[in-house]
Amino acid sequence: MASAALELMGFFLGLLGMLGTLVSTVLPYWKISAHIGSNIVTAVANMRGLWMECVYQSTGAFQCETYNSMLALPADLQASRALMVISIVLSVLAIAVAVLGMQCTLCLEGSGAVKSRVAGAGGGLFLAAGFLALIPVAWTTHEVVQTFYRPNLPSSMKYELGECLYVGLASALVSMLGGGLLCASCCDEQDGGRGRRHGGGYPYPVGGGTLGAGARTTSQTYRNPTLQAGGINTASRGATLVRSASGSSQGAPGAQGTKKPTAAGYDITGYV
């Protein structure tokens, strides 16, 4: 039950991270124009994203324009595009793989450890997707901060951190957390199946109800130590153990006519 709960929690965290990564990839709120110094007029706000650049006016007009040429873009923006797209693709693949390996689904039923390994593979994909989404977010954040503190750069060309950077950072961490939980549930389930296993009929021998050919029955009578106190001589103490052994093919008819010596104590009969 604990591994199933970890799988569900990891799956939903990975799904939430994938949705956040998708939102941060599509929306243009990666960089927002900074209103500092002489650029304190807030009538116009410029926003830049991975795919488009938008302008918001105080009148309520909102205009966006996609980048005309992909090859003319800076290398860091192209790399950020590629990493975010790959992260989304890996997240979708991780969802599909995790669904196949989760205990609450009927896929791969009866396959044993293969099902848990598939769930662990889905967790690994979530980890990779979160890490790939974290790279462009951290890269862009570092670039915006470094550009903002340049003294020789005009205030109109400075940008601040946009909402998509925060969403992307949180989504990457959530995806990695979900992938870690899925991997942990896989390891927990495999460790739980490595316990000590006994054969059929444990702790009794196989076929304990019937005596097979060659089986030997041993009867041991042990004298109660409390009865040895007082009135019992040394000779009687030496005969505390009476052992009678007979084969399965011999002694069975004769055992009915004979009577075993009895003594006060415990009678332990088992198979040897």
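**Sheet, helix pair and pocket**

The model described here is predicted. Five bridges join E3 to E4, and the two strands run antiparallel. A further facing pair is Met52 and Thr66, the latter in E4. E3 and E4 form a hairpin with four residues between the strands. Within this hairpin, Gly60 takes a positive phi near 105°.

E3 also pairs with E2. Strand E2 covers residues 44-48, and strand E3 covers residues 52-57. Five bridges join E2 to E3, again in an antiparallel arrangement. Val44 stands opposite Gln57 in E3. Three residues lie between E2 and E3, which form a hairpin.

Strands of a sheet pair through backbone hydrogen bonds, in either a parallel or an antiparallel manner. In a regular strand, side chains alternate between the two faces of the sheet.

The helices were examined next. Two packed helices are described by the angle between their axes and by the distance between the axes. Helix H2 spans residues 75-101, and helix H3 spans residues 113-148. H2 and H3 pack at an angle of about 160°, and their axes are 8 Å apart. Angles over 145 degrees count as roughly antiparallel. H2 and H3 are therefore roughly antiparallel to each other. Their crossing is left-handed. The residues of the contact of H2 with H3 comprise 23 nonpolar, seven polar and three charged.

H2 and H3 also take part in a pocket. Each of the two helices supplies at least two residues of the lining of the second largest pocket. The space in the second largest pocket is about 230 Å³. This pocket is lined by 13 residues. Closest to the centre of the pocket are Lys31, Arg48, Asp76, Leu77 and Glu143. By class, the lining of the second largest pocket divides into six nonpolar, three polar and four charged residues. Among the residues closest to its centre, Arg48 lies in strand E2, which covers residues 44-48. Asp76 and Leu77 fall within H2, residues 75-101. Glu143 falls within H3, residues 113-148.

Notes. Residues are numbered from 1 along each chain as its sequence is written. This is a predicted model: local features need pLDDT of at least 70, side-chain atom pairs count only at pLDDT 80 or more; totals for chains, interfaces and linings use all residues. Side-chain values use heavy atoms; hydrogens and water are left out. Axes are lines fitted to C-alpha atoms, for helices over the stretch in contact, and angles run from 0 to 180 degrees between N-to-C directions. Angles under 35 degrees count as roughly parallel, over 145 as roughly antiparallel, 65 to 115 as roughly perpendicular and the rest as oblique. A crossing is left-handed if the near helix is turned anticlockwise from the far one by less than a right angle, and right-handed if clockwise. Ala, Val, Leu, Ile, Met, Phe, Trp, Tyr, Cys and Pro count as nonpolar, Asp, Glu, Lys and Arg as charged, and the others, Gly among them, as polar. On a 1 Å grid over the protein atoms alone, a cavity is a set of points where a 1.4 Å probe fits but cannot get out, and a pocket is an open set with protein on both sides within 12 Å along at least five of seven lines; lining residues have an atom within 4 Å of a point. Grid points are joined across faces, edges and corners, and a volume is the space filled by probe spheres set on the points. Two strands pair if DSSP finds at least two bridges between them.
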